[in-house]
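I opened this model to look things up one at a time, and here are my notes.

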Amino acid sequence: MIAVIDVFITVLAAYFGIGVLFGIYFFLAGARRIDPLIEDSKWTVRLLLLPGAIATWIFLLPKLFKNKKQ
Amino acid sequence: MGLNYQTVLWNKHKKVYDKLIVAFMLIYIILFAGLTFAFNGETTIETLIIRAFGTLAVIMLHIILAIGPLSRLNTRFLPLLYNRRHLGVSMFLAAAVHGVFSIIQFHTLGNVNPIYSVFTSNLDYNSLANFPFQVLGFLALIILFFMAATSHDFWLKNLSPKTWKRLHMMVYLAYALIILHVFLGAFQQETSPFTIGFLSIGFVVIAVLHLAAGFKERRTDIAKAEKDEVNWLYVCTVDEIEENRAKIFTVGKERVAVFKYEGKLSAIHNVCKHQGGPLGEGKIVDGCITCPWHGYQYLPGNGQSPPPFTEKVATYELKLAADKIYLNPEAFPEGTEVQPVNC
């Protein structure tokens, strides 16, 4: 059981660790690349969206690369 | 609807609802504290906070889960549905206070990482009676975090409505985990029958409401429509539809909303492009069909959102025979102009 818990906690920590790094990028520049509408919004919107970016970076990353190619 | 994103989409009504939510939470916490100190004066502040916010979050979750089926059973509950998002975030905050204080009180005293301690302080995973119930609460809190963190239109648009909906349907998994968390915690840590009693009643109410709403919708879906000589489907009589409201009608596997307004009738696909809200449960406001969930609007004659918005839904053709409304089951492409029928 301990082994399963170790793996789970490690995956969880890695997921949220990457999420925090992505969140910083999202706040500074990524949000604009994902959705240009954010350009006309206040910075507080990006701050409010930060927890969501940390939580859902895995869904946003492909969208970011796709938008970059375009 | 908007052309940029707002931090919080407040209007006059939403502000009233939010004040009510805050007042409810404050009154509950004060009452809980008063009753706890009156009947159990030895309770520590930490325990009081853990229990007050934990029970508050459970009550709020029950209210949130009841709003959906109640709105489908009776349109008077729709304003609650419109404001459910802020209630959900408030519920997460209450659950987070409960979770954080529980971890601080029970898992920060040793030299083990507190999160690791949640999973390993009790390794009796094979026992039902002694199962580490804290783990279930922790997992539920993670799900609630994902939901609260994505409670903004930005996420709905950028995660796609389908992914967003799937993510938010996980509230039922969180509810199951919370039910088990409280049941097992109550079994293991206290002998009071009240916790289990109230939770059982809450579970039964939620289950019955969902079943009742499901049966009501199923009745609408399986109702066999009468056809005329050219295979148009009989919907209802004109009098059966209230002014500025709709009758929801099922065509194959799709739901259609037939609206009556200003002496005219129009039919559009029932599903809002924003979040899949039931347009037929909304009403006509300022000449536009207005989704009851988040206020997205469509023109009844062509299913298009008024400019500069670009959302479009499919439209349907109607005809009247005496006072009977008939619908052509073939949908027009999204946004197609259809002449309203005069009634």
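**Chain B, overall**

I began with burial: of the 343 residues in chain B, 32% are buried (buried means 20 or more other C-beta atoms within 10 Å of the residue's own, exposed means 12 or fewer, and partly exposed is in between, with C-beta atoms placed from the backbone). I remind myself that this is a predicted model, where local features need pLDDT of at least 70, side-chain atom pairs count only at pLDDT 80 or more, and totals for chains, interfaces and linings use all residues. Residues are numbered from 1 along each chain as its sequence is written, while chains are lettered from A and ligands numbered from 1 in the order in which they are written.

Next I looked up the secondary structure and found ten helices and eleven strands in chain B (DSSP runs numbered from the N terminus, with helices being H or I of at least four residues and strands E of at least two). The C-alpha trace of chain B spans about 75 × 40 × 35 Å along its principal axes. I also checked the contacts in chain B between residues at least 6 apart in sequence, and 54% of them join residues at least 24 apart (a contact puts two C-beta atoms, placed from the backbone, within 7 Å).

**Two domains**

How is chain B divided by the domain assignment? I found domain 1 at 12-220 and domain 2 at 233-342; such bounds come from an automatic or database domain assignment. Taken over C-alpha atoms, the centres of the two domains of chain B are 37 Å apart.

Then I looked at where they touch: eight residues of domain 1 of chain B are in contact with seven residues of domain 2 of chain B. On the domain 1 side, the elements giving two or more residues are α3 (78-82) and α8 (161-169) of chain B. α3(B) gives the most, with three residues. By class, that side has five nonpolar, two polar and one charged residues (Ala, Val, Leu, Ile, Met, Phe, Trp, Tyr, Cys and Pro count as nonpolar, Asp, Glu, Lys and Arg as charged, and the others, Gly among them, as polar).

B:Pro161 counts as partly exposed because it has 15 C-beta neighbours inside 10 Å. Leaving aside neighbours within four places in sequence, B:Pro161 is in contact with B:Leu156, B:Gln275 and B:Gly276. B:Gly276 is 115 residues away along the chain, yet the two C-alpha atoms are separated by 7.7 Å.

**Where chain B touches chain A**

I counted in 21 residues from chain B and 22 residues from chain A. The chain B elements that give two or more residues are α5 (114-120), α6 (133-149) and α7 (153-159). The largest share, five residues, comes from α7(B). The chain B side divides into twelve nonpolar, eight polar and one charged.

**What the record lists**

The unreviewed UniProt entry lists "transmembrane region" for several spans of chain B, including residues 128-149 and 194-215; the positions are given in the numbering used here, feature names are shortened, and annotations may be inferred rather than shown by experiment. In the model, residues 128-149 of chain B are 77% helix and 0% strand, with end C-alpha atoms 32 Å apart. Residues 194-215 of chain B are 100% helix and 0% strand, with end C-alpha atoms 31 Å apart.

The unreviewed UniProt entry also places "domain: Rieske" at residues 233-327 of chain B. That span is 0% helix and 46% strand, and its end C-alpha atoms lie 5 Å apart.

**Strands of chain B**

Is strand β4 (residues 264-269) of chain B enclosed or open? Five of its six residues are buried, so β4(B) is largely enclosed by the rest of the structure. I listed some of its pairings (strands pair if DSSP finds at least two bridges between them):

- Strand β3 (residues 254-261) of chain B pairs with β4(B) in the antiparallel sense over six bridges, and B:Val256 stands opposite B:His269.
- Strand β11 (residues 341-342) of chain B pairs antiparallel with β4(B) over two bridges, with B:Val341 as the bridge partner of B:Leu265.
- Strand β8 (residues 315-316) of chain B is joined to β4(B) by two bridges and runs antiparallel; here B:Ile268 stands opposite B:Thr315.

The hairpin of β3(B) and β4(B) has two residues between the strands, and B:Glu262 takes a positive phi near 45° there.

Last, I traced an open sheet of three strands in chain B, in the order β5-β6-β7 with antiparallel pairing. β5 (283-285) and β7 (297-298) of chain B are at the edges with a single partner strand each, so one side of each has no neighbour in the sheet.
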